[in-house]
There are 2 protein chains.
Amino acid sequence: MGLWFTEKQTDNFGITAKINQTYHTEQTDFQRLDMVETAEWGGNMLLLDDMVMTTDRDEFVYHEMVAHVPLFTHPNPKAVLVVGGGDGGVIREVLKHPSVQKAVLVEIDGKVIEYSKKYLPNIAGKLEDPRVEVRVADGFMHIAENQNKYDVIMVDSTEPVGPAVNLFTKGFYDGISKALKDDGIFVAQTDNPWFKADLIKQVYHDVREIFPVTRLYTANIPTYPSGLWTFTLGSKIHDPLKVKDDRFHELETKYYTPQLHRACFALPKFVEDLTK
Amino acid sequence: MGLWFTEKQTDNFGITAKINQTYHTEQTDFQRLDMVETAEWGGNMLLLDDMVMTTDRDEFVYHEMVAHVPLFTHPNPKAVLVVGGGDGGVIREVLKHPSVQKAVLVEIDGKVIEYSKKYLPNIAGKLEDPRVEVRVADGFMHIAENQNKYDVIMVDSTEPVGPAVNLFTKGFYDGISKALKDDGIFVAQTDNPWFKADLIKQVYHDVREIFPVTRLYTANIPTYPSGLWTFTLGSKIHDPLKVKDDRFHELETKYYTPQLHRACFALPKFVEDLTK
């Protein structure tokens with residue numbers, strides 16, 4: 001059989017993937033980091049604390065869906081913040097929007113950036129773009145220190161364990177609201193509805209107390225638990241369900257389409273029930 | 001760790017699930033059958049040829065999406081055929097439609113029916129309904145022997161290996177067209193787009209040569225490869241995308257909703273490309 005990586009996504013269920021080789025393993029100041037080459041997932045895979053973060057083959061789903069849904073909802077996004085996301089995938093998608101003048105990445109773990117640049121160049125390659133400012137810092141603090149600054153904020157965090165615990169609190173969403181301009185929008189990855197229903201419910205209700213427009217949407221990410229991922233979007237004015245057809249401009253994607261922009265908000269009944 | 005079941009969904013990737021106990025293992029005339037109790041999936045799990053067929057916890061997604069999409073597309077489905085589906089889950093959903101007078105199940109492997117009744121009563125329990133006729137027979141032959149008989153046909157087969165090979169051929173779809181009435185609709189499960197793109201492409205194009213209305217739709221099934229499952233629908237007249245709002249009647253579901261009926265046809269770009 002050779003070398004296999006197994007992620008216990010719950011105590012009693014997981015995925016397993018054949019590993020061709022391990023490039024790097026390190027206990028950083030924040031988490032365990034593994035960069036491996038997979039046999040199935042089209043190239044390399046980044047693991048943090050033994051959880052799959054991204055793979056060369058399916059990364060486009062997550063990165064496109066985090067970026068394009070809020071960026072096409074906002075009529076003219078210029079200043080964008082990505083909290084976390086040290087692999088650079090969300091930044092790459094953000095830069096596809098010509099209106100964006102400045103994209104700030106605030107990643108707490110510089111090692112994630114370093115090894116993504118080295119081993120995931122197709123994902124991290126755009127971190128060198130002149131419109132991008134990379135900061136190795138605490139996203140929670142960055143939010144607290146900035147007001148009325150961003151059009152769109154994306155929270156591309158790990159699960160709510162370890163360094164990302166603060167990023168799933170009402171205090172954080174409140175800070176995000178203040179860091180956004182008057183018509184700002186934010187989106188956060190909020191795990192899967194099969195194993196983390198309570199988390200989704202809690203985040204959705206917290207966000208709804210702060211943002212007039214709160215929406216949950218989904219995407220299929222095969223290397224994430226259950227294959228069904230959720231994103232919670234909070235917006236001060238603009239509604240992702242009311243984007244006019246002429247707002248969508250041509251964009252090279254492999255998952256996102258304008259049709260899917262609308263359809264991804266149609267939730268399975270048991271997921272819709274979490275928002276009630 | 002104890003007892004774990006691992007399904008190699010590809011040569012290099014799989015899922016693994018903790019097993020509390022194995023109830024039954026048998027090599028039937030057609031395939032290996034295992035009925036086990038899982039720790040994660042809310043109860044029991046049926047395996048055929050080492051592949052997860054259904055679990056007590058996530059079975060509702062597949063069964064609802066196979067049944068309700070074509071049954072709400074047809075204006076008045078009375079006679080329904082399920083090919084395969086010996087666990088009875090699709091039949092259970094079919095019977096939720098009051099217009100249905102007769103639901104025929106043609107399953108090639110009687111052992112699947114027998115052990116589903118015994119260990120999956122919540123799924124198979126409606127096989128005893130007076131509107132249901134259960135036949136242990138070859139679905140391919142049943143199709144060939146019946147003309148102009150059914151309003152809706154669902155193909156709830158295993159993967160195109162072993163007993164189900166014939167169910168993924170153009171000859172079969174041609175037979176289905178003849179077994180359907182003049183405004184009939186059929187749907188087949190057609191695997192996942194991450195590992196079986198060629199299969200989806202082939203089936204879609206075969207079906208399109210026979211049925212004027214051909215549509216691909218998806219659902220999230222966490223215990224199936226990649227978590228994203230496709231269904232190919234062929235229809236002689238009625239278009240699932242043109243169902244009027246007043247066609248939908250109240251129905252108890254956990255996944256399907258009228259909104260999702262429309263949204264499930266909005267495909268990720270790389271899946272949409274398979275239909276071109």
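**Reading contacts and burial around annotated residues**

Biologist: Which residues does A:H63 touch, not counting those up to four places away in sequence?

Modeller: Contact here means heavy atoms within 4.5 Å. Setting aside residues up to four places away in sequence, A:H63 touches A:T54, A:D87, A:G89, A:V90, A:R92, A:E93 and A:I123. A bit of housekeeping: this is a predicted model, where local features need pLDDT of at least 70, side-chain atom pairs count only at pLDDT 80 or more, and totals for chains, interfaces and linings use all residues. Residues are numbered from 1 along each chain as its sequence is written, chains are lettered from A and ligands numbered from 1 in the order in which they are written, and side-chain values use heavy atoms, with hydrogens and water left out.

Biologist: Where is A:H63 found in chain A, and does A:H63 count as buried or exposed?

Modeller: Helices (H or I, at least four residues) and strands (E, at least two) are DSSP runs, numbered from the N terminus. A:H63 sits in helix α1, residues 59-73 of chain A. For burial, the cut-offs are under 20% relative accessible area for buried, over 50% for exposed, and partly exposed in between (1.4 Å probe, protein chains only). A:H63 counts as buried because its relative accessibility is 1%.

Biologist: Which residues does the UniProt annotation "binding site" cover together with A:H63?

Modeller: UniProt positions are given in the numbering used here, feature names are shortened, and annotations may be inferred rather than shown by experiment. In the unreviewed UniProt entry, a "binding site" annotation covers A:H63, A:D87, A:D156, A:S157, A:T158 and A:E159. One of these, A:D87, is also among the contacts of A:H63. UniProt also lists A:Q31, A:E107, A:D138, A:G139 and A:P163 as "binding site", again from an unreviewed entry.

Biologist: Where is A:Q31 found, and what is A:Q31 in contact with?

Modeller: A:Q31 is in the loop between β2 (13-27) and β3 (32-38) of chain A. At 3% relative accessibility, A:Q31 counts as buried. Leaving out neighbours within four places in sequence, its contacts are A:E26, A:L48, A:D49, A:D109, A:V112, A:T158 and A:P163. A:P163 is in the UniProt list with A:Q31, while A:T158 is under the annotation that covers A:H63.

Biologist: Where is A:L48 found?

Modeller: A:L48 belongs to strand β4, residues 44-48 of chain A, and counts as buried at 5% relative accessibility. Beyond residues up to four places away in sequence, A:L48 touches A:Q31, A:R32, A:L33, A:M53, A:V112 and A:T158. A:L48 and A:D34 are 14 residues apart in sequence but 6.5 Å apart in space, C-alpha to C-alpha.

Biologist: And A:E107, buried or exposed?

Modeller: Buried, at 7% relative accessibility. A:E107 is in strand β7 (residues 102-107) of chain A, and its contacts, neighbours within four places aside, include A:V112, A:I113 and A:R135.

Biologist: How many helices and strands does chain A have?

Modeller: Chain A has 9 helices and 12 strands. Its radius of gyration (taken over C-alpha atoms) is 18 Å, close to the 19 Å that the globule rule gives for 276 residues, so chain A is as compact as a globular protein of that length. The rule itself is 2.2 Å times the number of residues to the power 0.38. Buried residues make up 64% of the 276 in chain A. Of the chain A contacts between residues at least 6 apart in sequence, 66% join residues at least 24 apart.
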